Amino acid sequence: MNNVAATELIFELSQPGRRCHRLPECDVPPVEETAQWLPTCYRAAAPPPLPEVGEVDLIRHYVNLSTRNMSIDTHFYPLGSCTMKYNPKRHERWAALSGFAALHPLQDEQTVQGILQLLYELQEFLAEISGLPAVSLQPAAGAQGELTALLVAAAYFRDQAQPQRRKVLVPDSAHGTNPASAALAGFETVTIKSTPQGLVDLNDLRSHLGPDVAVFMITNPNTLGLFETQIRTITDWLHEVGALVYLDGANMNAILGITRPGDFGADMQHYNVHKTFTGPHGGGGPGSGPVAVRDFLAPYLPVPIVVREGDRYRLDFDRPKSIGRVHTFYGNVGILLRGYCYIRTLGPEGLRQVSQQAVLNANYLRRRVAQILEVPHPGPCMHEFVASARRLLRDRKVRAMDLAKRLLDFGIHAPTVYFPLVVPEALMIEPTETESKATLDAFADALGRIVAEDPEHLRTAPHTTPISRPDEVKAVKEPILRWHPPSATAAASSIADAPVVTTAPSSNPEPHAHPAG
Ligand SMILES: *Cc1c(COP(=O)(O)O)cnc(C)c1O
């Protein structure tokens, strides 16, 4: 976090008469002369109430605002599950090449052979990395990838005349998007318990298996950062009852080039290109969630798919069993392009090293954090781990949210809190492979200092940010994205407690759980 004495941000800088522009002589005829051709109703009665500021004030205003964001380029960002890894800047240069950036999606195929080749090769890479041969690049996020795959599964079972398969099984540690996607796709969701060790409870799973099960959605490594060691047994059981296995691939960062979902029995998976393959993301976008499936599910994938014929590439729309489109054109090509650059830059060995380093970093940090907070599931972990502030809450009335808020004062983005739901007072920490040992140590040192602080100081943290504890739900649902002249602010009552300017404590201090992303 920016360390200027920043508890108060003066947002309203306007002073009558201040200027940061000089306009040329007005050459528009005076009002009287335009009266005959400009009807009165289109004429402003008074000039618009624009802010009046000097140029330097204006520049400082925006630059200061921009530094109040936390980003991967400015701060350590161990937001579990979201894989906030460094986004190489050369990807931005490549994505901005006019041969990519100036393309129009309605151009004739013959004129866009380069990007089609790139997308085709990306489909091939994603097929190879997952061990699942057919890929659609269309979905715009992991959640949409889940929905797409479940619609593919529904179409497949319709085709197989098995409409009785209504159930989708989801572990209780799963990301909230899993049950939401199942419900959107028209399935009934059934929650499968975890064992105290944090893995799928096989007895509970077995008790739900039957001819009405369509899909088991499993995250592996799971959201506790643990590898489901029984994965082969699990996928065999599902296949024995004729169901499909869906892998939530958000955690691919732990297993790139080490194991493949297709090899351990998954039939479908999504990728989060914006997580695993470094698409810059945050604040809700942009994302990309390609789906990879087994051959027998390929006919149901969204249209179009990029196909290769000799040395030419084309978009194949002739897929009668397809579920149709899930996105305009070909998905978020700009993010796919960055993912392609990442994969090509690193190659198979490099990708494998990414995962090894991510797992090493997480385990190093887990050992350090375990000396400070309870880490309920013993390691080793994969690319992330979950700590709990349960004891701190019991003994000192300090919650996970208080630690998360106080970390901001130390210039560290908070870990994910209150997710997964199976761990009380959870802090989910994912350092990623791009952080140095020094940064990991600095995080653990900060956490160690924080837990020793006065509880009251923690409950009122952060102390160095312009606002302290906004109503996070409201800030997301009703963001104030435009400046309103002060006189209009009262009228627009929904923006009266704008998160940008308020310093009042939130009316609803309940912590908000997992950020999307
Ligand atoms: C991020 C994530 C998702 C959802 O992906 P989005 O791209 O945010 O829609 C699903 N499952 C897990 C485990 C995730 O971490």
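Q: Which hand does the crossing of α6 and α7 have?
A: In this predicted model, the crossing of α6 and α7 is right-handed.

Q: What describes two packed helices, beyond the hand?
A: Two packed helices are described by the angle between their axes and the distance between the axes. Here helix α6 (residues 142-159) packs against helix α7 (residues 177-184) at an angle of about 40°, and their axes are 9 Å apart. That angle makes α6 oblique to α7.

Q: Which residues of α6 and α7 meet?
A: From α6, Ala143, Glu146, Leu147 and Leu150 take part. They meet Thr177, Asn178, Ser181, Ala182 and Leu184 of α7. By class, the residues of this contact divide into 5 nonpolar, 3 polar and 1 charged.

Q: At what angle do α11 and α14 pack?
A: Helix α14 (residues 437-451) and α11 pack at about 25°, with their axes 10 Å apart. At that angle, α11 is roughly parallel to α14. The crossing of α11 and α14 is right-handed.

Q: Which residues of α11 and α14 meet?
A: On the α11 side they are Asn361, Tyr364, Leu365, Arg368 and Val369. On the α14 side they are Lys437, Leu440, Asp441, Phe443, Ala444, Asp445 and Leu447. The contact of α11 with α14 has 7 nonpolar, 1 polar and 4 charged residues.

Q: How do strands of a sheet pair?
A: Strands of a sheet pair through backbone hydrogen bonds, either parallel or antiparallel. A parallel case in this structure is β2 with strand β3 (residues 188-192), joined by 5 bridges.

Q: In what order do the strands of the open sheet with β10, β11 and β12 run?
A: The order is β10-β12-β11, and the pairing is antiparallel. The edge strands are β10 (385-388) and β11 (416-417), each of which pairs on one side only. Between β10 and strand β12 (residues 426-429) there are 4 bridges. In β12, Met428 is the bridge partner of Val386.

Q: Which strands does α11 lie across?
A: Helix α11 (residues 333-369) lies across β10 and β12, and runs at about 10° to β10.

Q: Is Glu121 buried or exposed?
A: Burial is read from the relative accessible area, with under 20% counting as buried. Glu121 has a relative accessible area of 19%, so Glu121 is buried. Glu121 sits in helix α5 (residues 113-130). Apart from neighbours within four places in sequence, Glu121 is in contact with Tyr340 and Arg344.

Q: Where is Val375 found, and is Val375 buried or exposed?
A: Val375 is in the loop between α11 and β10. Its relative accessibility is 16%, so Val375 counts as buried.

Q: With which residues is Val375 in contact, leaving aside neighbours within four places in sequence?
A: The contacts of Val375 are Arg366, Val369, Ala370, Phe385, Val386 and Ala387.

Q: How many residues apart in sequence are Val375 and Val135?
A: Val375 and Val135 are 240 residues apart in sequence. In space they are 38 Å apart, C-alpha to C-alpha.

Methods. Residues are numbered from 1 along each chain as its sequence is written. This is a predicted model: local features need pLDDT of at least 70, side-chain atom pairs count only at pLDDT 80 or more; totals for chains, interfaces and linings use all residues. Side-chain values use heavy atoms; hydrogens and water are left out. Axes are lines fitted to C-alpha atoms, for helices over the stretch in contact, and angles run from 0 to 180 degrees between N-to-C directions. Helices (H or I, at least four residues) and strands (E, at least two) are DSSP runs, numbered from the N terminus. Angles under 35 degrees count as roughly parallel, over 145 as roughly antiparallel, 65 to 115 as roughly perpendicular and the rest as oblique. A crossing is left-handed if the near helix is turned anticlockwise from the far one by less than a right angle, and right-handed if clockwise. Contact means heavy atoms within 4.5 Å. Ala, Val, Leu, Ile, Met, Phe, Trp, Tyr, Cys and Pro count as nonpolar, Asp, Glu, Lys and Arg as charged, and the others, Gly among them, as polar. Two strands pair if DSSP finds at least two bridges between them. Buried means under 20% relative accessible area, exposed over 50%, partly exposed in between (1.4 Å probe, protein chains only).
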